[in-house]
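User: I'm new to this one. Can you walk me through what the labels stand for and how we get to them?

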Amino acid sequence: ASARASVGSKSMSTDEMMQTMDRRRMVLYSRDRERHTWERYELAKKYNTAVPDYLPAHWLPNRWGQSWEDLVHVEGLDVDSAIKTHDAEWVVRQGEKFYVSLGFDTLPTSFWKNSSLYALPANSPYKKNTHASAWHLDLDKDVRSLMSVEPNTEWYETVHHELGHIFYYQSYNDKPVLFQQGANDGFHEAIGDAIAHSVTPEYLTKIGLFKVAPPKNDKNVINEQMKAALEKVAFLPFGLMMDKWRWDVFSGKTKPDEYNKHWWDLRTKYQGIAPPTARGEEFFDPGAKYH
C-alpha cells in the first residue's frame, strides 16, 4: 500500500490508483449495463429459460467473457465460410500483406522457419499452448510467434493482432531496448487492436474474400457497430477484473484459500457473469487464462 505511481507531476498511492480505475469503469458502466441486459434477454430467449440476474458463463461464445461478438449477425458477413475456402498459411500471409501494404518491411525468413504457427495434427507426439503470443527473442531480428492458426474468423483477427506485436518489434530493432517494449503493455496491445479495426467488410471485399460487399443498410450498420462493441467494449470489464485479481493476489490481500472465490466474485461484480455450477477452492479457474 506504500507503493507510489507517478502520473504526470502528481504521485498516486496504490489505493488512489485503484480508485481511479473504478471511476473510469463507471464512465462506461451505464452503457455496459444496457449491453449486459440485452444479452441476458436474448440468451434467455435462445435457451428458453427465465432471464437471470447474471449470465451463466457457459452461455457465452467465449469462455472468459472477454469477447462476445458472435452474438450478433451482420447480413452478408459470413467471414468464417469465406475463410474456410483457404488454408491456415493463407491466413497468416494475409496478415503480413496487410502490414506490408502500410509500408512495413516483410517478415524475415527466420520468422516462418522458427515460429510455431499452425495447429498440431491429432497424432502429434507433443502438445503446445494454443494461446497466441508474439516474441522478440534477441531484441534484434529474431521475431517469432506461437499460434495454432486455423482458417476461421477468430484466427484471422488473432493473426492481425499478433503480427502487430511482431511488426512493432521490427520497427524498433535499431532503437534502445526501452523503446522496443513500448510505453507500457497496454500500448503494445493497442497496436494490433487498432489495426484490427481496419479489417472491415469493405477491406475483406477488396482482397477478394467476398465477391460482393455486405449491404450497407441501417440494420447492418447498427449490427456492425454492436459487433465491434461486443468485442472491444466488453473486453474492458474483463481486463479490469483480471488485473484486479492479479493485484490482490500478488499484494497478499487475497489468500491462497480464496483464489477461486475471489475470481468469481470479481467476475460477477465487473462482468455480470456467474459460474454454471458451484466452484469451490478445489478448482483454480484463473489458471484457465494463460495470461
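Analyst: Let's start with a term: a salt bridge is a side-chain nitrogen of Lys or Arg within 4 Å of a carboxyl oxygen of Asp or Glu. This is a predicted model, where local features need pLDDT of at least 70 and side-chain atom pairs count only at pLDDT 80 or more, while totals for chains, interfaces and linings use all residues. Residues are numbered from 1 along each chain as its sequence is written, and side-chain values use heavy atoms, with hydrogens and water left out.

User: What makes Asp 174 and Lys 175 a salt bridge?

Analyst: Their side chains come to 3.0 Å, N to O, and the limit is 4 Å, so the pair counts.

User: Why is Asp 174 called exposed, but Lys 175 partly exposed?

Analyst: Buried means under 20% relative accessible area, exposed over 50%, and partly exposed in between (1.4 Å probe, protein chains only). Asp 174 has 63%, so it is exposed; Lys 175 has 37%, so it is partly exposed.

User: How do you know that Lys 141 and Asp 140 form a salt bridge?

Analyst: Their closest N and O atoms are 3.6 Å apart, so the pair meets the cut-off. Lys 141 is exposed because its relative accessibility is 55%, and Asp 140 is partly exposed because its value is 34%.

User: How many salt bridges does the structure hold?

Analyst: Twelve salt bridges.
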